[in-house]
Amino acid sequence: MKAVVYNGPHDVSVSEVPDARIEHPNDIIVRITSTNICGSDLHMYEGRTSFEQGRSLGHENMGEVVEVGSGVSKVKVGEYVVLPFNIACGFCKQCEQGLTNYCLTMQPEPALAGAAYGFAEMGPYAGGQAEYLRVPFGDFNALRLGEDAAERQKDYVMLADIFPTGYHATEMAGVKPGDQTVVFGAGPVGLMAAYSAVLKGAGRVWVADHHPDRLALAEHVGAIAIDTSKEDPAEVVKEATLGLGADNGCECVGYQAHDPQGQEDASLTLNQLIDSVRFTGRLGVVGVFLPEDPGGKEAQNDLEAQGKIPLDYGLMWFKGQSMGTGQAPVKRYNRALRDLIAGGEAEPSFLVSHELPLDEAPSAYENFDTRQSGWTKVVLHPGSVPA
Ligand SMILES: NC(=O)c1ccc[n+]([C@@H]2O[C@H](COP(=O)([O-])OP(=O)(O)OC[C@H]3O[C@@H](n4cnc5c(N)ncnc54)[C@H](O)[C@@H]3O)[C@@H](O)[C@H]2O)c1
Ligand SMILES: [Zn+2]
Ligand SMILES: [Zn+2]
């Protein structure tokens with residue numbers, strides 16, 4: 001079968017890989033109909049992770065079940081399902097508590113936790129930017145979709161990662177009706193965090209980035225755009241809140257945060273977030289930070305390449321703030337968010353800019369990676385691209 005394969009920094013191809021097949025009685029095989037490129041894929045694409053050459057990418061996947069193992073009892077052939085990017089067992093100490101983002105069973109390295117499709121340090125699992133995907137523990141991991149699944153793939157595929165992840169950022173930040181919330185990053189994750197805050201009834205939401213096309217989408221969902229190439233986001237937020245700062249905030253950029261000229265500084269958005277949020281406010285950090293970034297020595301510095309980031313901890317402590325971090329537990333939210341989509345209350349597809357055949361993955365990666373204007377979110381379709 002065909003899959004998007006990582007050949008080295010800035011080099012992916014659509015190549016032949018071994019067919020996905022049932023390897024365990026609880027597996028299901030899904031014919032992928034929609035699979036997104038994510039900002040997390042870009043860390044791997046740029047050679048800024050330990051992702052191995054020759055592996056396939058893709059962790060935001062949905063499609064039609066074509067085969068089920070003998071131990072599968074709920075999911076049926078022919079059903080459309082969306083797969084959380086986290087692969088989880090459902091029965092380990094972490095999964096029992098709903099922490100499917102840090103499953104112990106699916107991560108083969110005993111000292112680590114958490115697994116994902118086509119992802120650095122998250123187990124050996126193949127990616128879903130491919131014709132077919134093997135899904136372990138299919139009954140637990142697959143979220144079944146309704147009769148409108150095939151027509152509304154652009155919305156439902158966002159349940160694999162960015163909609164629940166953006167929502168999780170607002171949960172960690174404790175966003176409530178009426179709150180004033182600041183979001184750093186107007187990439188797909190930041191836009192989904194802003195959208196989630198609006199859905200929760202936040203009174204005022206700011207989104208900071210330096211890409212005008214992405215900021216326009218933030219305004220489209222009712223947020224206030226802050227163009228960081230023109231304004232200091234912390235100053236804008238404090239000025240609008242009697243100097244106190246927002247009630248809470250979300251970091252949706254990660255360790256490759258940079259100034260508008262492109263100079264990287266992994267502490268930039270974290271420290272602006274601490275500065276922008278008021279005393280006792282909560283911070284939800286879903287942007288990815290890593291314990292090691294060997295590829296970042298040139299772009300950043302030796303310490304940051306070891307994950308040692310100069311955080312304004314004194315100010316954070318003085319303000320009594322608290323911070324939530326890490327991979328999102330997609331399964332905690334995906335069913336409720338699916339029902340918001342099904343009921344017409346949420347339409348996360350507003351950020352999709354491109355729907356392309358799988359074969360166009362190499363140029364799509366390049367355009368998304370260089371943040372070409374108008375390339376906000378790419379959905380790849382291994383079968384036919386819907387009309
Ligand atoms: N925690 C999770 O479970 C999870 C899930 C998905 C993605 N992520 C991570 O979330 C982050 C965002 O993902 P994405 O798909 O939106 O990526 P993206 O790369 O498309 O978007 C990132 C955005 O941040 C902006 N940015 C860069 N520096 C900035 C700064 N100093 N101030 C404000 N904005 C700045 C960029 O211009 C870009 O628009 C990535 O680190 C990704 O790996 C985490
Ligand atoms: Zn993703
Ligand atoms: Zn588990």
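The buried residues of helix H9 (268-276) are covered by elements that include strand S8, helix H8 (233-239), strand S11, strand S12 and helix H11 (313-318), where helices (H or I, at least four residues) and strands (E, at least two) are DSSP runs numbered from the N terminus, and contact requires C-beta atoms, placed from the backbone, to lie within 7 Å. These buried residues are Thr269, Leu270, Gln272, Leu273, Ile274 and Ser276; a residue counts as buried if 20 or more other C-beta atoms lie within 10 Å of its own, as exposed if 12 or fewer do, and as partly exposed in between, the C-beta atoms being placed from the backbone. The structure is a predicted model, in which local features need pLDDT of at least 70 and side-chain atom pairs count only at pLDDT 80 or more, whereas totals for chains, interfaces and linings use all residues. Residues are numbered from 1 along each chain as its sequence is written, while chains are lettered from A and ligands numbered from 1 in the order in which they are written.

The sheet on which H9 packs is an open one of 6 strands in the order S10-S9-S8-S11-S12-S13, with parallel pairing, two strands being paired if DSSP finds at least two bridges between them. Its edges are formed by strand S10 (224-227) and strand S13 (322-325), each of which pairs on one side only, and the twist from one strand to the next averages 20°. Strand S12 (residues 277-285) runs parallel to S13 and is joined to S13 by 4 bridges, with Ser322 of S13 as the bridge partner of Arg282. Helix H9 touches strand S8 (180-184), strand S11 (246-251) and S12, and its direction makes about 170° with that of S11; axes here are lines fitted to C-alpha atoms, for helices over the stretch in contact, and angles run from 0 to 180 degrees between N-to-C directions. Helix H7 (residues 212-220) lies across strand S9 (204-209) and S10, at about 160° to S10.

Thr280, in strand S12, has a positive phi of about 70° and is exposed, with 11 other C-beta atoms within 10 Å. Leu242, in the loop between H8 and S11, has a positive phi near 55°, and Leu242 counts as exposed because it has 8 C-beta neighbours inside 10 Å.

The shell around ligand 1 contains 33 residues, of which Gly39, Ser40, Gly187, Val189 and Gly254 come nearest; a residue is near a molecule if its C-beta atom, placed from the backbone, lies within 6 Å of it. At least two residues of this shell are supplied by each of helix H1 (39-45), helix H5 (162-173), helix H6 (188-199), S9 and H9, and H1 provides the largest share, 4 residues. By class the shell has 15 nonpolar, 15 polar and 3 charged residues, with Ala, Val, Leu, Ile, Met, Phe, Trp, Tyr, Cys and Pro counted as nonpolar, Asp, Glu, Lys and Arg as charged, and the others, Gly among them, as polar.

Notes
Contact = placed C-beta atoms within 7 Å.
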